[in-house]
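Here is a note for a colleague who is opening this model for the first time. Please keep the sequence and the 3D view side by side while reading.

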Amino acid sequence: MAVSRTIIVAGAGIGGLTAALALAAKGFRVIVLERTERLDEVGAGLQLSPNASRILVELGLQPRLDACAVVPDAVTAINARSGRAIVRMPIGNVAVRNGAPYWVVHRADLQAALAAQVAAHPSIDLRLGCAVEDVAPHANGVTVSAGGGQEPGLALISADGIWSAVRGVAFPKTQPLFSGLIAWRGTIPAEAMPDGERLRGVQLWLGPEAHLVVYPISSGRRINLVAVVNGSWNQRGWSARGEPTEIVARFAHWAGAARALIGTVENWTRWALFAMPDGGVWNQGPIAMLGDASHGMLPFAAQGAGMAIEDAAVLAAGLAASHGEGRGGTAAEVAATLQRYAALRRPRVRRVQQLARQNGVIYHLPGAAAIARDVAMRALGPDRLLARQSWIYDWRP
Ligand SMILES: Cc1cc2nc3c(=O)[nH]c(=O)nc-3n(C[C@H](O)[C@H](O)[C@H](O)COP(=O)(O)OP(=O)(O)OC[C@H]3O[C@@H](n4cnc5c(N)ncnc54)[C@H](O)[C@@H]3O)c2cc1C
């Protein structure tokens, strides 16, 4: 097939695999270059609200995700000191209104589902153990150096994560900044829930200078815990080992149920939370940035994966409109298409990045400010609190 119908994607994470499927659905040939030798089972839970799940459903992922994702019944905010619910927000209506599920899923399960769908698609060539090293734009598109070879294409989609190698070439001056926050991640078997509770929703425990998110994953067989605390440890990577006694001590003043959850995790991993500047970086000539490579954000709006999936859908639709079957593909036209993609995505992503940061501040309020927060949340009530999120959930590509 001609080079002009080939799009190269760097990275087979959530955004890269979704982009490959969305582009292939529009008739493009796609080459996905992934650094790792295999798609490892690292990471833990991700939330997928209807703005993102709808795109996955349209790409045919629903049967695979129904088999592993969980549909939570509600998000409950809980005061960490008292252990009492501040507000319980049933999220069924969000899904019904949008005709798409609200899912919580293990990152590895989502990546495996996407990879299986990719493997079944004749127009996608996924190459593992193939790190992108360099990029050279030229008059006919772009040539990507990866794994000792060179690959020509119409455009390069950089979906290679928050430490993107492509961004290092295209936007060398823009790097993620450390937030001063560290996320600790662990899972426990569902039957190990304290008091034998069967957890069906998302728990959001709010405490001074820390919060804890708990929800079921893996068809409800396991419970995902993410505890976020302040700190100065700022190494890159997703799965450094965490010392259990350290995190147990950080939550020593929390309600018994939270301490019991924390104490049940045997193996903790942690990742230092970095974020890209607001608005992200998006395009340069035939290169488009996508997902964390563009706008890695704090996870407190639960939209990191969702924004990568939205990016993929918008980018594929834009490329199909200007460079679909039978249409042209000069370097200038490709650059203009990617510029339009950036203009469409930047404002929304910036707003989500800002919301995530604000949430982090609100979640971690201490003392009297925390009491005021809880009073305000109760006064607003579940419907109005959820309505404040509808600009995220009700989005359409
Ligand atoms: C191992 C891992 C574990 C994670 N765990 C969690 C978690 O538990 N909770 C959470 O909220 N978020 C987690 N995330 C982040 C979350 O997946 C992303 O925020 C979100 O899904 C956006 O995805 P993305 O596709 O933009 O980037 P990512 O999902 O980070 O994917 C980037 C991909 O690019 C590949 N890559 C990197 N450099 C190169 C290169 N030079 N050439 C080719 N390929 C390259 C990486 O190996 C990876 O597969 C994790 C990410 C990773 C990579």
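The points below go through strands, a helix, aromatic contacts and backbone angles in turn.

1. Before anything else, please bear in mind that this is a predicted model, and that residues are numbered from 1 along each chain as its sequence is written.

2. The neighbours of β1 come next. Strand β2 (residues 29–33) runs parallel to β1 and is joined to it by five bridges, with V9 standing opposite V32 of β2. Between these two strands the chain passes through helix α1 (residues 14–25), and this β-α-β crossover is right-handed. Strand β11 also runs parallel to β1, here with four bridges, and the bridge partner of V9 in β11 is I157.

3. The side chain of T6 is joined to that of R29 by a polar contact of 3.4 Å. Leaving out residues up to four places away in sequence, T6 touches R29, I31, P152, G153, L154 and A155.

4. Helix α2 (residues 50–58) is largely enclosed by the rest of the structure, because seven of its nine residues are buried. The buried residues of α2 are P50, N51, A52, S53, R54, I55 and L56. After α2 comes G60, which has a positive phi, near 90 degrees.

5. Which strands pair with β12 in the antiparallel sense? Strand β12 (residues 177–189) pairs in this sense with β17 over six bridges, and W184 stands opposite R270 of β17. Strand β15 (residues 222–230) also runs antiparallel to β12, and nine bridges join the two; in β15, N230 is the bridge partner of L181.

6. A search of the whole structure finds eight aromatic pairs. One of them is formed by W163 and F274, whose ring centres are 4.8 Å apart and whose planes stand at 75 degrees, so the pair is edge-to-face. Because W163 lies in the loop between β11 (155–158) and α6 (165–170), whereas F274 lies in strand β17 (residues 268–275), the pair ties together parts that are 111 residues apart in sequence. With a relative accessible area of 28%, W163 is partly exposed, whereas F274, at 13%, counts as buried.

7. Another aromatic pair, that of W282 and Y341, is also edge-to-face, with 5.5 Å from centre to centre and 75 degrees between the planes. Since W282 lies in the loop between β17 and β18 (283–284) and Y341 in helix α11 (residues 331–363), this pair ties together parts that are 59 residues apart in sequence. Both W282 and Y341 are buried.

8. Two further remarks concern aromatic residues. W163, F178 and F274 form one aromatic cluster. As for charges over rings, the charged end of R270 sits over the ring of W233, 4.1 Å from its centre, and R351 lies over the face of W391, at 3.8 Å from the ring centre.

9. The last point concerns backbone angles. Most residues other than glycine have a negative phi. E209, although not a glycine, has a positive phi of about 60 degrees, and its place is in the loop between β13 (202–207) and β14 (210–217). With a relative accessible area of 47%, E209 is partly exposed. A302 is likewise not a glycine, and its phi is positive at about 55 degrees; the place of A302 is in the loop between α9 (292–295) and α10 (304–323). Is A302 buried or partly exposed? At 23% relative accessibility, A302 counts as partly exposed, given that buried means under 20%.

Key. This is a predicted model: local features need pLDDT of at least 70, side-chain atom pairs count only at pLDDT 80 or more; totals for chains, interfaces and linings use all residues. Side-chain values use heavy atoms; hydrogens and water are left out. Buried means under 20% relative accessible area, exposed over 50%, partly exposed in between (1.4 Å probe, protein chains only). Rings of Phe, Tyr and Trp (its six-membered ring) pair if their centres lie within 6.5 Å; planes under 30 degrees apart count as stacked, over 60 as edge-to-face and the rest as tilted. A charge sits over a ring if NZ of Lys or CZ of Arg is within 6 Å of the ring centre and within 35 degrees of the ring normal. Two strands pair if DSSP finds at least two bridges between them. A crossover is right-handed if, with the strands pointing away from the viewer, the path from the first strand over the helix to the second runs clockwise. A polar contact is a pair of N or O atoms within 3.5 Å; within protein, one must be able to donate a hydrogen and the other to accept it, and residues adjacent in sequence count only if both atoms are side-chain atoms. Contact means heavy atoms within 4.5 Å.
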